[in-house]
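Here is a short briefing on one protein model. Please read it beside the sequence and the coordinates.

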Amino acid sequence: MSKKILIVDDAAFMRMMVKEILTKNGYIIVGEASDGAQAVEKYKELKPDLVTMDITMPEMDGITALKEIKKIDPSATVIMCSAMGQQAMVIDAIQAGAKDFIVKPFQADRVIEAIKKTIG
């Protein structure tokens, strides 16, 4: 069975890039969100196998959204996406329960490697 993924990023272009990489590799994109608050709502609604979560977003940032999702589902699998130079935030994200992180700009093989490592 193909794994269902929720893509969260405030930049439509980034969501499109991740979606393209994942669909080419057989993953099913069940939804997209452009901020953390939307991500939490979509997570409840869609129950994805994995969430790719941008760290820096308006409304609710990715780390706060990660914590909210973990409250709903402690076993949630979330991979954080960050720009270079956000090491402190990446550490916060891992401590909050993120399984891995991917650095922007995305390298397709790194994205797939991170996902295979966490959900197969």
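What does the accessible surface of the protein chain come to, and what percentage of it belongs to carbon and sulfur atoms? The surface comes to about 6000 Å², and 55% of it belongs to carbon and sulfur atoms. Accessible areas come from the Shrake-Rupley method with a 1.4 Å probe, and for residues only the protein chains shown count as cover.

This is a predicted model: local features need pLDDT of at least 70, side-chain atom pairs count only at pLDDT 80 or more, and totals for chains, interfaces and linings use all residues. Residues are numbered from 1 along each chain as its sequence is written, and side-chain values use heavy atoms, with hydrogens and water left out.

**Overall fold**

- The protein chain has five helices and five strands. Helices (H or I, at least four residues) and strands (E, at least two) are DSSP runs, numbered from the N terminus.
- From the N terminus on, the order is β-α-β-α-β-α-β-α-β-α.
- The radius of gyration is 12 Å, close to the 14 Å of the globule rule for 120 residues, so the chain is as compact as a globular protein of that length. The radius is taken over C-alpha atoms, and the rule is 2.2 Å times the number of residues to the power 0.38.
- Along the principal axes, the C-alpha atoms fill a box of roughly 30 × 30 × 25 Å.

**Burial, contacts and charge**

- Buried residues make up 46% of the 120 residues. Buried means under 20% relative accessible area, exposed over 50%, and partly exposed in between (1.4 Å probe, protein chains only).
- Of the contacts with a separation of 6 or more, 62% join residues 24 or more positions apart. Contact means heavy atoms within 4.5 Å.
- There are 16 positive and 17 negative side chains, and the centres of the two sets lie 5 Å apart. Lys and Arg count as positive and Asp and Glu as negative; His and the chain ends are not counted. Each charge is placed at NZ of Lys, CZ of Arg, CG of Asp or CD of Glu.

**Helix faces**

- Helix 2 (36-46) has Gly36, Ala39, Val40 and Tyr43 as its buried residues. Seen down the axis, they fall within an arc of 100°, so they line one face of helix 2. The arc is that of the directions from the helix axis to the C-beta atoms.
- Their cover includes strand 1 (4-8), strand 2 (28-33), strand 3 and helix 3.
- In helix 3 (62-72), the buried residues are Gly62, Ile63, Ala65, Leu66, Ile69 and Lys70. Their arc is only 155° around the axis, which puts them on the same side of helix 3.
- Helix 2, strand 3, strand 4 (78-82) and helix 4 are among the elements covering them.

**Loops and backbone**

- Most residues other than glycine have a negative phi, and most peptide bonds are trans.
- Lys47, not a glycine, has a positive phi of about 45°. Lys47 sits in the loop between helix 2 and strand 3 (50-54) and is exposed, at 55% relative accessible area.
- Glu59, also not a glycine, has a positive phi of about 65°. Glu59 lies in the loop between strand 3 and helix 3 and is exposed, at 74%.
- The peptide bond from Lys104 to Pro105 is cis, with omega near -5°. Pro105 is in the loop between strand 5 (100-103) and helix 5 (108-119).
- Ala96 lies in the loop between helix 4 (87-95) and strand 5. Leaving aside neighbours within four places in sequence, Ala96 is in contact with Leu66, Lys67 and Lys70.
- The C-alpha atoms of Ala96 and Ile63 are separated by 7.3 Å, with the two residues 33 apart along the chain.
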